[in-house]
Amino acid sequence: AKCPMTDENSPSASKIGAETELATAKGAQKTGKKGRHKRKENMSLCAAGDQDSDEERTSFTQTEDNDNESSDEEDSESAPFSTPEADLPPLRYMMIPMLCVFQGYAAMVGPTQQKFKAELGIGQDGNLAHVFTQAAVCVHYGKLIARFGHDIIFGCFSPVTRVYASMALVFLGTIIPPLFVFWLEYHWIGTVFLSYGFTGIGLGVFECTYLAVITPLGKLTKAWAIMGIPLGFGIVNVLGLIFTSFGMPVTLLYWYIALMVPISGTILVMSKEFSRKSLNDAGGGSHKKPGQKSFVAACSECRSWLPMLLPHVIGKIAVNFVMENATPVNYYVYNGKEVSLFGIHHQSFLMSHDLFFAILGLFVLAGDMLSRRVPASLMMTTDKMYAQILAAAALCSLLGFWLESFAVALLAWVGIFLAFWGNGLVYATSAKFMDTRLPGEFNLAGYSLWCFAGDLGAILGGVSVDVVRDWVCGGQSTFDQCLSHN
């Protein structure tokens, strides 16, 4: 008799089969009680064979499981922060909210700032001019406070709710110039503090929170989202100035900027992917998706994430200083109705003011956008490789700042391209680092600290605008450069 449920090819089965056949041959001549006794023995042998076979299969299964676990552990060690979102298809429309919010930022630091200042009747000299400069820096003070303040002020709200609240603040800040200053002609310097302050706080909450919120939607979605930053600046500083150079009132540009913010918020509200898959309590970069730690809790474990983030913090300070200084300095150096491309001693090559700055904005757009694509094409597997890219980006930005000091309009184009190439390269490199190498539970804290460092650089650049302008102008004034009025 053969044993049921036993593998015939196993050693235990062969042994049992032989013993069973022998027992059957001897018991063929016997009947009754002895036969029944043999059948019981056969069943015992079958049971013993099943037990031996089960033990062999269990031992083999356990060995295979241990091998698989060891293989998984090795894979985990080689790629500690790999994300399953890496292969998700991009949601390109997630770029629209970033674009619209940063159009509001462009209105605070771009050529529209100069037109806002002119509408208030403020020149380049005197106490009121310096008050305006400090009021304009409120956009950076607001961002600085909001980076960590949102974890306290909005601590009871989910990250997604904070995104909507921050967009409401940006809308409030961007609606003040067209509504109160240009339309109602309420020329009070306090409108600058209010407009720039609300916008800065909204930006400070929005940028770090939105980048963390969309992390589960995949790295391709985030790559498209950060492209909205240079595009937002490009639409305002390139297309906007082209239209104003042909006679369009700057008020219409302000209205467009303000009204696009609630429109982009509506897009997020209607997005099923954003409301269903986006980050509320889940982490960002880690494959285990742990809960997000508050900034205070993250600081108590700073040894596990802060040292690796320091090069990114330093790089962010450097490029933001240049970006927030060189950009407005250009507007207050080349502030005549026409701009001489080859400097004050070569006045034969002239260009209208708005067209010159539209082209300058095009160089800003090109430098910032093209550089943001570079990190995605590089295989950066160590912290040292990230640090090298950051160092190259910071040096490129500082070189652009140095070229601005020559007060030659043509060099200003080259300088601004290099400055924003460095800025975009730092931004995309750090975003990739925090998605792939920073532990996921510190994703929001890391973005907050990184953006906070950028705001420090921006404040240093913003408060020194008048000092750098005087240094570039060298005390000279011509028909097209360094005028005392706008």
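Colleague: Which helix gives the most to the lining of the largest cavity?

Modeller: Helix 13 does, with 4 residues, a helix here being a DSSP run of H or I of at least four residues, numbered from the N terminus. The model is predicted, so local features need pLDDT of at least 70 and side-chain atom pairs count only at pLDDT 80 or more, while totals for chains, interfaces and linings use all residues. Residues are numbered from 1 along each chain as its sequence is written, and side-chain values use heavy atoms, with hydrogens and water left out.

Colleague: What makes a space count as a cavity?

Modeller: On a 1 Å grid over the protein atoms alone, a cavity is a set of points where a 1.4 Å probe fits but cannot get out, and its lining residues have an atom within 4 Å of a point. A search of the whole structure finds 5 cavities of 30 Å³ or more, and about 150 Å³ of space lies in the largest cavity, where volume is the space filled by probe spheres set on the points, which are joined across faces, edges and corners. Of the 20 residues lining the largest cavity, those closest to its centre are Phe-102, Tyr-105, Glu-207, Lys-316 and Met-323.

Colleague: Why is the bond between Cys-473 and Cys-482 called a disulfide?

Modeller: A disulfide is a pair of cysteine sulfur atoms within 2.5 Å, and the S to S distance from Cys-473 to Cys-482 is 1.9 Å, so the pair meets the rule. The count by this rule comes to 1 disulfide.

Colleague: What makes that disulfide left-handed?

Modeller: The torsion about the S-S bond of Cys-473 and Cys-482 is about -90°, and therefore the disulfide is left-handed. By contrast, Cys-302 is in no disulfide, the nearest cysteine sulfur, that of Cys-299, being 6.6 Å away.

Colleague: What makes a set of residues a nonpolar core, and which members touch the most others in the largest one?

Modeller: A nonpolar core is a set of buried Ala, Val, Leu, Ile, Met, Phe, Trp, Tyr and Cys residues joined through side-chain atoms within 4.5 Å. The largest has 99 residues, of which Tyr-210 and Phe-356 touch the most other members, and helix 17 (residues 409–436) supplies the largest share, 11 residues.

Note on methods
Buried < 20%, exposed > 50% of the residue type's maximum accessible area, 1.4 Å probe, protein only. Helix = DSSP H or I, 4+ residues; strand = E, 2+ residues; numbered from the N terminus. 1 Å grid on protein atoms, 1.4 Å probe; cavity = no way out; pocket = protein on both sides within 12 Å on 5 of 7 lines; lining within 4 Å.
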